[in-house]
Amino acid sequence: LQRDAKGQYLFDLICHHLNLLEKDYFGIRYVDPDKQRHWLEFTKSIAKQMKSQPPFTMCLRVKFYPPEPAALKEEITRYLVFLQIKRDLYHGRLLCKASDAAMLAAHILQAEIGDYDPGKHPEGYSSKFQFFPKHSEKLERRIADIHKTELIGQTPETSERNFLQKAQMLETYGVDPHPCKDVSGNPAFLAFTPFGFVVLQGNKRVHFLKWNEVTKLKFEGKTFHIYANQREDEKIILTYFAPTPEACKHLWKCGVENQAFYKLEKSSQVRTVSSSNLFFKGSRFRYSGRVAKEVMELSAKIKREPPEIHRRAALTVSLGPRMLGKALGVLPLYPALTGLQESASSSPLSGTPLPCVQPSSPPDCAHSTPVRTVSHGESFIPRSRSQAADGGERTAVISDEAYSPSDSVLPTPVADHSTELSSSRQINGAPCSIEEELEAEEGGDSGDCRGAQEGAGGDSALSEVEQVNKFVLSVLRLLLVTIGLLFVLLLLLIVLTESDLDVAFLRDIRQTPEFEQFHYEYFCPLRRWFACKLRWFLFFFFCS
């Protein structure tokens, strides 16, 4: 890409590659070096938005969930939304009861492996797939029973459509959780869905505000406010606290975009919104794009031959109880859409970077159903078969678990040095990448690896200098902005007090009691003092 390329150019390039016309539901997400998520803004330059150094790592994902995903016009769009919701289900963002969970998983199974075949699918075949953060043997048997008896003959397209119809009925459909705390300090997750604003605590939905009830979204620092009118005479204000000011600003931007997309009738009604009522304070943001009603109207006009869809064949690897310990730290692999792959994000539960899925991975790595793995968090360590059997139905109810979105807090990969070191080896006590290790073995010497480590140390020292330079530049920029604002205010003050401009705006200000008091008690004495000093200066200057 050119250095001045805007986000819209990259997004159009990807949609053209995927042959996607109903593209307004999707967006590009990335994570900055501080592990903060962002949506790529299409009207701005890509290079100016990225704080990291190239190459940039981004992900295509659903940004605005369709209110009726099964009713989407084209199959390619439904397939991409299906992949996103399947990922939401796996990461614990899509909560449901055991009966709904079994039906959703059975539809995934039917879409990926087709009809049940006793010759190809031995007993316990459903246990080789990981549909949820964790589930019991009883739930696995229920999934297999539905797949064997109720879904025979369904094509992948039909199974995906039925999956979408089932998913859209759930309360947490379209939830992309933002971790926050309420005024009492209790953890909560805020989310924006096609139908309104949602607050989740534990596994319960404690607040739901329809989009036509939400009147204003506002933030200041780490504090986020939601103003709403649930009834004509009842106004409520919900206040939550984000982990950082950057996270709060991202939450506010997501809310502004979702409200504009789902609530407005036309994109011409979109207005620039401010996070504060003060002119010189706060952030200003404007949603750029079509709204949901316009998108559906344009989709109805699509007339073309359905594009070919390259679905990934399912690959399953069964890990027995003895192998679960070895699987610690291995990240499940996710769908690679026609060459676009997502690498692993850091687990927020442990803080340990997980290995990335590199483009050079063997074809077996690019499967659509994740390998059964174990995360570092306690809530995702599966129990043994005997423990699951003793737990009975309780372990099969997904919604009984506390709402822990796992990697969904940071779903987008971050390409940094720590990620590279997570897949490194040790040579003579120093970490060295696999490629460097092979080179050292071939040359019979590990000097190349040590040289790489010294180079990395030099890079770190250089990065510290760059950080100092950035800090100095930011301070200078702040001083220049402050001086500019003071100069503008001084000019405005002179125009108000000294000029004879008969403008309605200026006349109204001059007639206010506060301005008259300021003019006679402060400005006039100050002007006389400056005039006196100036006369004395000129007198001594000419005399000398």
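Buried means under 20% relative accessible area, exposed means over 50%, and partly exposed lies in between (1.4 Å probe, protein chains only). Keep that scale in mind for the close-ups below. This is a predicted model, in which local features need pLDDT of at least 70 and side-chain atom pairs count only at pLDDT 80 or more, while totals for chains, interfaces and linings use all residues. Residues are numbered from 1 along each chain as its sequence is written, and side-chain values use heavy atoms, with hydrogens and water left out.

**View 1. A salt bridge between Asp176 and Arg37.**
Side chains of opposite charge can pair when their charged atoms come close. A salt bridge here is a side-chain nitrogen of Lys or Arg within 4 Å of a carboxyl oxygen of Asp or Glu, and a search of the whole structure finds 18 of them. In this one, N and O are 3.2 Å apart. Asp176 sits in the loop between helix H6 (156-167) and strand E4 (178-182), and Arg37 in strand E2 (residues 37-39), so the pair ties together parts 139 residues apart in sequence. (Helices, H or I with at least four residues, and strands, E with at least two, are DSSP runs numbered from the N terminus.) Asp176 is buried at 10% relative accessible area, and Arg37 is buried at 4%.

**View 2. Lys63 meets Glu257 in a salt bridge.**
Their closest N and O atoms are 3.1 Å apart. Lys63 belongs to the loop between strand E3 (59-62) and helix H3 (75-90), while Glu257 is in helix H7 (residues 245-263), so the pair ties together parts 194 residues apart in sequence. Are these two residues buried or exposed? Lys63 is buried, with a relative accessible area of 16%, and Glu257 is buried too, at 9%.

Arg311 is partly exposed, at 30% relative accessible area.
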